Amino acid sequence: MTMTAGWYLRRLSRMGPREIGGRAGDTVRRRRWRRSAPPECPQVDGARFTAALPAQAIAEVPPDAAKRLVAEADRLMDGHAVFFGVARDDLVDPDWWYDPKTGRRAPGGYAFDVPYRDEATAGDVKQIWEPSRHQYLTVLAAAYALTGDERYAERVAAHLRSWWAANPPLRGVHWVSGIELGIRLLSWVWIRRLLDGWPGASALFEDDPVARHQIWHHQRWLAAFPSRDSSTNNHVIAEAAGQFAAACAFGWFPASPRWRADALRSLERHLRANTFPSGLNRELATEYHGLVLELGLAAVAEADAAGVPVPDSVRLVLLRMTDALAAVVDVRLRPPRQGDADDGHGLVVDGAGTDRWASLLATGDAVFGRLAWWPAVTGTDVRTPLLAALLRPYAKEGTAPAVTRPASRPAHFADAGLTVLRGPGRGSAPGSDPDPGEIWCRCDGGPHGFLSIAAHAHADALSVEVRHDGVDVLADPGTYCYHGEPKWRQYFRSTLGHNTLQLDGADQSVSGGPFLWTRQARSRVLAVDATQGETATWCAEHDGYGDSVHRRRVELTAADRTLRVVDEVRGGPRRAVRLAFHLGPAVTADLTGNRARLTWTRDGRDRSAVLDLPGRLEWRAHRGESDPPLGWYSAGFGRREPATTLVGTGFADDTREFTTVLTFGAQG
């Protein structure tokens, strides 16, 4: 996907004078850097790494988590890995610029001349960038720390030296994006830490001028080209966290104190700016909530390891983010599937099968302490004991500013416009079924997205997401891709691609590019009662359709396990209506007229529900259609699978109210 002149004009229109001036300065600096060879890093004498793990940390890793990690490391040693749904078997000796998805190699040359958005020229840049975050090397380094097997350490060293040789400063695709440099620095810090017992660790890092040159140039780049204004979302957090971690752990250079102080100021400012007071991430994209929380915890761990004071506000934001995550997850610890998701992680030291969200909650428990209403976490992970060994417990004197944490589980986050309605959980409802399963319903009445471009937002105002015992019944289809496949990017972020109402075939918000919205629908929550009483209710509306306002009411009745959704089109002329309900991939639908019988299996038990759809619309089931896309579910970035989407079409004229009823346990 190449950017046209029209895109540049639309993007410029979302910037203010300060940002335009800053970006103009960046352009001048890039041109100046092109004209001369990258400078040598300053001479360093007596560099030492002192931020090692405490001796007891490795012993605290649970055996089952260690077993998963070592199994993953052994797959990597055999050259096998999967990135965004694409299997690779070339990681014994990787080509750092190769994209196995398209078979293309990114061109070389000066970094800022590489057309990384053009898949026809450079390949899928996400496929190229991901291995070079070196998070698979942190897994190998962790396997060494746990087993003492030097094969893992030697492979890490070989790959780092290969990467450094293939990617000198400012040459090629890996020097284009600040988030990549920031996460890579954080990985290098942890690689050095986890290899600390290996005899070759010093020779690989502090005693190697090539390593020092790379570390210094990564930090010089991040200091020169920070994300600015309308782009200060999760990217700037990654940049600041990586810069800060490196300046703490690799503080060998004359500029290290300045880089450390500047990065900490940026981290503190942007963590607050990226987070609602309620603790939810302002991008309203749940996976980025996880990414930012991971990055923030890792950065504070470096501060504590180095004895660098951190403002109380940083820990407070991370505490609120952790409590918010505990509040919104379902009975299986799955959070909402809201907004963009690209499987991005801040720090990876675990094997396949480790639950990301359970891991974050376990770390939150270790650092902040769990509240009585938090869900139970039964899984294990490697990362929690390692981070907890570095992080000072929040309750320790001097680390805990006065704060009131929620006394009960929050259900409505007014600032984020996110509400979770819940029905009775396991064993808590009367009737013949001893295990009815929790009904979990997320309602979206919040802002379209974050900052003027809302880069990771979807046109999903008033959408609902419904699960039964953790199974997607009415699903958010996900993200699937960013660059390279415009029609799929458009579909997965469209209004039709969500469980909400579309008028006249248009999205509620207007897209100006794959990460740009030029007009954003405004939503407001009108009423909410999310207490777990007889009936939980929510009502909201948005103005994305000009003269016509879409208003939606949702009622979850515990006694009969029924969810009622009432859509109303208020005002405006006669409008064409499309109402979509996307079913999860595990759900089978038998549609007859305006009634769909839904069935699925969970833990070997058959489950069912009946979906009674508005009778004044004509209903059809769609599954796995590609021209145009409809009926898909993306479980993770780069992956999609067919799933059933029910679409009702008609008009809002004399009839402007459409009622849908979902009844769990009904046989149809």
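Trainee: What makes helix α8 and helix α11 a packed pair?
Mentor: In this predicted model, helix α8 (residues 178–194) and helix α11 (residues 234–249) pack at about 35 degrees, with axes 7 Å apart. Axes are lines fitted to C-alpha atoms over the stretch in contact, and angles run from 0 to 180 degrees between N-to-C directions. Helices are DSSP runs of H or I, at least four residues; strands are runs of E, at least two. The contact (heavy atoms within 4.5 Å) includes Gly182 of α8 and Ala238 of α11.

Trainee: How do you know which regions to trust?
Mentor: pLDDT is the predictor's confidence in each residue, from 0 to 100. The chain averages 95. Over residues 426–432 pLDDT stays under 50. Local features need pLDDT of at least 70, and side-chain atom pairs count only at 80 or more, while totals for chains, interfaces and linings use all residues. Residues are numbered from 1 along each chain, and side-chain values use heavy atoms, without hydrogens and water.

Trainee: Why is α14 called mostly covered?
Mentor: Buried means under 20% relative accessible area (1.4 Å probe, protein chains only); exposed is over 50%, partly exposed in between. In α14, 14 of 17 residues are buried, so the label follows from the cut-off.

Trainee: What makes β16 and β27 paired strands?
Mentor: Two strands pair if DSSP finds at least two bridges between them. Strand β16 (residues 562–570) and strand β27 (residues 657–664) have 7 bridges and run antiparallel. Therefore they pair.

Trainee: Why are β13 and β18 at the edges of their sheet?
Mentor: The open sheet has 8 strands in the order β13-β14-β15-β16-β27-β20-β19-β18. β13 and β18 each have a single partner strand, so one side of each lacks a neighbour in the sheet.
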